[in-house]
Amino acid sequence: MIQGAPSPPSLALLRVAKQGVPMIYQEQEVGSYDYFRRMFWARRRLPELCRGTADYTGVRAPDGVFAVLRTLGGSHVVGLVNLSAQPVEGEVTLPGGVIPAAGTTLHDAITGRELAVTGRRFTWRLEPYGCAALRIGRPQEGQMPAERHR
């Protein structure tokens with residue numbers, strides 16, 4: 001990222017999905033409070049994002065999309081971040097060791113979207129600078145926080 005350039009809120013997923021403690025600078029959440037709130041809610045509800053192993057090369061995603069697979073035990077979360085100012089829709093391919101059974105559902109812990117998948121490939125759309133934290137199989141526990149009205 002260019003020094004001094006604004007940080008799109010979607011880059012928060014990069015901070016949340018990478019190993020270690022996420023770094024959020026003072027007032028970085030201004031204007032994106034609800035988004036950051038959903039991100040950290042997802043991190044608390046999906047232990048794969050906090051404690052799981054990270055595979056930064058196993059998931060294939062469309063050009064301009066950062067992808068990471070976080071695994072803890074038999075649970076998997078795929079983090080996707082669109083790094084461009086254009087919407088991206090394309091095929092995502094999971095590594096060979098992660099093959100969802102027929103009828104398995106992907107649950108996006110950030111937007112609440114769901115998609116039934118069969119096999120290692122699926123199509124996902126990300127808005128400009130959009131992101132997804134896709135849990136394979138069962139959804140995260142608890143209810144996503146509602147947006148705060150000011």
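Q: In which loop does G73 lie?
A: This is a predicted model, in which local features need pLDDT of at least 70, side-chain atom pairs count only at pLDDT 80 or more, and totals for chains, interfaces and linings use all residues. Residues are numbered from 1 along each chain as its sequence is written, and side-chain values use heavy atoms, without hydrogens or water. Helices (H or I, at least four residues) and strands (E, at least two) are DSSP runs numbered from the N terminus. On that numbering, G73 belongs to the loop between β2 and β3 (75-82).

Q: Is G73 buried or exposed?
A: Buried means under 20% relative accessible area, exposed over 50%, and partly exposed in between (1.4 Å probe, protein chains only). The relative accessible area of G73 is 70%, so this residue counts as exposed.

Q: What distance separates the C-alpha atoms of G73 and E48?
A: Along the chain, G73 and E48 are 25 residues apart.

Q: Which residue is joined to T71 by a polar contact between side chains?
A: T71 is part of strand β2 and is buried, because its relative accessible area is 17%. Contact means heavy atoms within 4.5 Å, and beyond four places in sequence T71 touches G52, T53 and H76. A polar contact (a pair of N or O atoms within 3.5 Å; within protein, one able to donate a hydrogen and the other to accept it, with residues adjacent in sequence counted only if both atoms are side-chain atoms) of 3.0 Å links the side chain of T71 to that of H76.

Q: How is the aromatic pair of Y56 and F66 classed?
A: Rings of Phe, Tyr and Trp (its six-membered ring) pair if their centres lie within 6.5 Å; planes under 30 degrees apart count as stacked, over 60 as edge-to-face and the rest as tilted. There is one aromatic pair by this rule. Its rings, from Y56 and F66, are 6.2 Å apart centre to centre with 40° between the planes, and the pair is therefore tilted.

Q: How far apart in sequence are the parts that the pair of Y56 and F66 ties together?
A: Both residues are partly exposed, because their relative accessibility is 40% for Y56 and 25% for F66. Y56 sits in the loop between β1 (53-55) and β2 (65-72), whereas F66 sits in strand β2, so the parts tied together are separated in sequence by ten residues.

Q: Which strand supplies the largest share of the lining of the largest pocket?
A: A pocket is found on a 1 Å grid over the protein atoms alone, as an open set of points where a 1.4 Å probe fits, with protein on both sides within 12 Å along at least five of seven lines; lining residues have an atom within 4 Å of a point. The largest pocket is lined by 14 residues, and D108, T111, E127, G130 and C131 lie nearest its centre. At least two lining residues come from each of α2 (33-45), β7 and β8. The largest share, three residues, is supplied by β7.

Q: With which residues is E127 in contact, leaving aside neighbours within four places in sequence?
A: E127 lies in the loop between β7 (121-126) and β8 (131-136), and its 44% relative accessibility is why this residue counts as partly exposed. Its C-alpha is 8.6 Å from that of E89, 38 residues away in sequence. The contacts of E127 beyond four places are N82 and P87.
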